[in-house]
Amino acid sequence: MKSFSRSANHIGIDMGSSQTRIFSENRLLLDERTVVAVDSKTNEMVGFGTDAIIRYHSNPQRIRLEWPIRNGAMVDYYYTKGILTYFLKKVLKQALARPEIVLSISSGLSSVARHALIDAVMHAGAQKAFLLPVAAAAALGQGIRLDTPDVVLSMNIGQDVTDCGMFSCGGVIAQEQVVFGGRTINEGIQAYMRESLQIIIGMDEAESIKQDMVSVVEDGLDMTFAVHGRRVVDGVSVVMQMTSSRMYPIIQMYLEPVAELAERIIRQASPDMAEDLLKHGLLLTGGTARLSGLDKWLANRLGIPVRVPEHAEISAVMGCSRTLDEYKKIPDLIESGEKYYGRN
Ligand SMILES: Nc1ncnc2c1ncn2[C@@H]1O[C@H](COP(=O)(O)OP(=O)(O)OP(=O)(O)O)[C@@H](O)[C@H]1O
Ligand SMILES: [Mg+2]
């Protein structure tokens, strides 16, 4: 990997399926939806992030929303470049130097997808671009070193994707991603309400039930809550009652692929490493790490401690903005865009 130059602005970007975050010099510079507003008549991009949502609500007949990142991967090059260019301009304002950018990515991203992402970042105005797997980035964001013999186990659960990685001595012991995230849980809640109460609920209702009423493990508070939806039979708006205790088994069932992913990664640990894992446990980050009781449920299931840090959803982007010297210690984990460009 070529070294970073000290003179350039160095910024970290985490472009997630739902949220894009930019972090630099201990500050979160931007935290907006990864969305573009497009004028359906002209097909022009007319707004990005928060602004895109405002534009959409002001004229939903004419403006549509496009989400250029799905399941952690870019699905539209043109919109991704547009949104990156706009966000970079917004955070850099009058800065003269083009920035060096470290982007967190899902570990399963193909080399074609990596190439396209690097290309979009370079066209958006980067001077140099580097890619860092999100599970490694999230650990760095907590100040955890990845270049020592200690084994680090990290899992990031976002809206669409879950990434898990085990690292030691600056390298990867095992890492993998599965298509699972907060969206999967919301869809599960929608399906359960349809089955058990025969009502159709919207994504926003499912999101607020998930955040306020659902716990993955029994917490002794069996709350009864109102569910707003439309009856399947006739579409009439109704309010029904549900209890939080009925939700545990459902949520646990949906979380099964997450536990299985962690188990597959942990199985790659040697007996020595297993001791380390027992001591240090699993670092759990990403927006979905905030799901109530998820840490307890996983700890019980895996038999190791699970820690959710404060600001779990920005840990990865914080890791992308670490000091330049730290990246020099993990050349096998950080990938230079030079590989695709031949000139970074
Ligand atoms: N308090 C909470 N409880 C449960 N889930 C939450 C909470 N707060 C946020 N989330 C979920 O976190 C998810 C977003 O997480 P994050 O911002 O890490 O995703 P992302 O990086 O945009 O997506 P991805 O990494 O999948 O591409 C959403 O699905 C949201 O519902
Ligand atoms: Mg993410």
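This briefing describes the domains, cores, sheet and helices of the structure above. The model is predicted. The protein is divided into three parts: domain 1 (10–137 + 316–341), domain 2 (147–180 + 251–309) and domain 3 (182–248). Its largest nonpolar core has 47 residues.

**Domains**

- The centres of domain 1 and domain 2, taken over C-alpha atoms, are separated by 25 Å.
- Contact between these two domains involves 18 residues of domain 1 and 17 residues of domain 2.

**Nonpolar cores**

- In the largest nonpolar core, the residues with the most contacts inside it are Met155, Ile189, Met193, Leu255 and Leu298.
- Helix α7 (residues 248–266) gives the most to this core, contributing eight residues.
- The core lies between domain 2 (147–180 + 251–309) and domain 3 (182–248), because both of them give residues to it.
- Leu298 is in contact with Met155, Val258, Ala259, Leu282, Leu284, Gly303 and Val306, leaving aside its neighbours within four places in sequence.
- There is also a second, separate core of 31 residues, which includes Leu117, Ala120, Val121 and Met122.

- Strand β2 (residues 19–24) pairs with strand β3 (residues 27–33) in the antiparallel sense, over six bridges.
- Phe23 stands opposite Leu28 in β3.
- Two residues lie between the strands of this hairpin, and Glu25 takes a positive phi near 45 degrees there.

**Three-stranded sheet**

- An open sheet is formed by three strands in the order β5-β4-β6, with antiparallel pairing.
- β5 (45–48) and β6 (63–66) stand at the edges and have a single partner strand each, so one side of each is left without a neighbour in the sheet.
- On average, neighbouring strands of this sheet are turned by 30 degrees against each other, direction ignored.
- Strand β4 (residues 36–39) pairs with β5 in the antiparallel sense over three bridges, and Val36 stands opposite Phe48 in β5.
- Helix α1 (residues 49–58) packs on the sheet and touches β4, β5 and β6. The direction of α1 makes about 120 degrees with that of β5.
- Helix α2 (residues 77–92) also packs on the sheet, touching β4, β5 and β6. The direction of α2 makes about 55 degrees with that of β5.

**Ile69**

- Ile69 lies in strand β7 (residues 69–70).
- With a relative accessible area of 3%, Ile69 counts as buried, because buried means under 20% relative accessible area.
- Not counting residues up to four places away in sequence, Ile69 touches Met15, Gly16, Ser17, Thr34, Met74, Val75 and Thr80.
- Ile69 and Ser18 are 51 residues apart along the chain, while their C-alpha atoms are separated by 7.8 Å.

**Helix α3**

- Helix α3 (residues 111–123) has 13 residues, which at 1.5 Å a residue should span 18 Å. The end C-alpha atoms of α3 are 18 Å apart, which agrees with that value.
- The buried residues of α3 are Arg114, Leu117, Ile118, Ala120, Val121 and Met122. Among them, Leu117, Ala120, Val121 and Met122 are included in the second core.
- An α-helix has 3.6 residues a turn, so residues three or four places apart point the same way.
- The cover over the buried residues of α3 includes β8 (73–74), α2, β9 (100–105), β10 (128–133), β19 (335–336) and α12 (338–341).
- Gly125 follows α3 and has a positive phi, near 125 degrees.

Note on methods: Residues numbered from 1 in each chain as written. Chains lettered and ligands numbered in written order. Predicted model: local features only at pLDDT ≥ 70, side-chain atom pairs only at ≥ 80, totals over all residues. Heavy atoms only, no water. Core = buried A, V, L, I, M, F, W, Y, C linked by side-chain atoms within 4.5 Å. Buried < 20%, exposed > 50% of the residue type's maximum accessible area, 1.4 Å probe, protein only. Helix = DSSP H or I, 4+ residues; strand = E, 2+ residues; numbered from the N terminus. Domains from an automatic or database assignment. Contact = heavy atoms within 4.5 Å. Pairing = 2+ DSSP bridges. Axes fitted to C-alpha atoms, helices over the stretch in contact; angles between N-to-C directions. Expected span 1.5 Å × (residues − 1).
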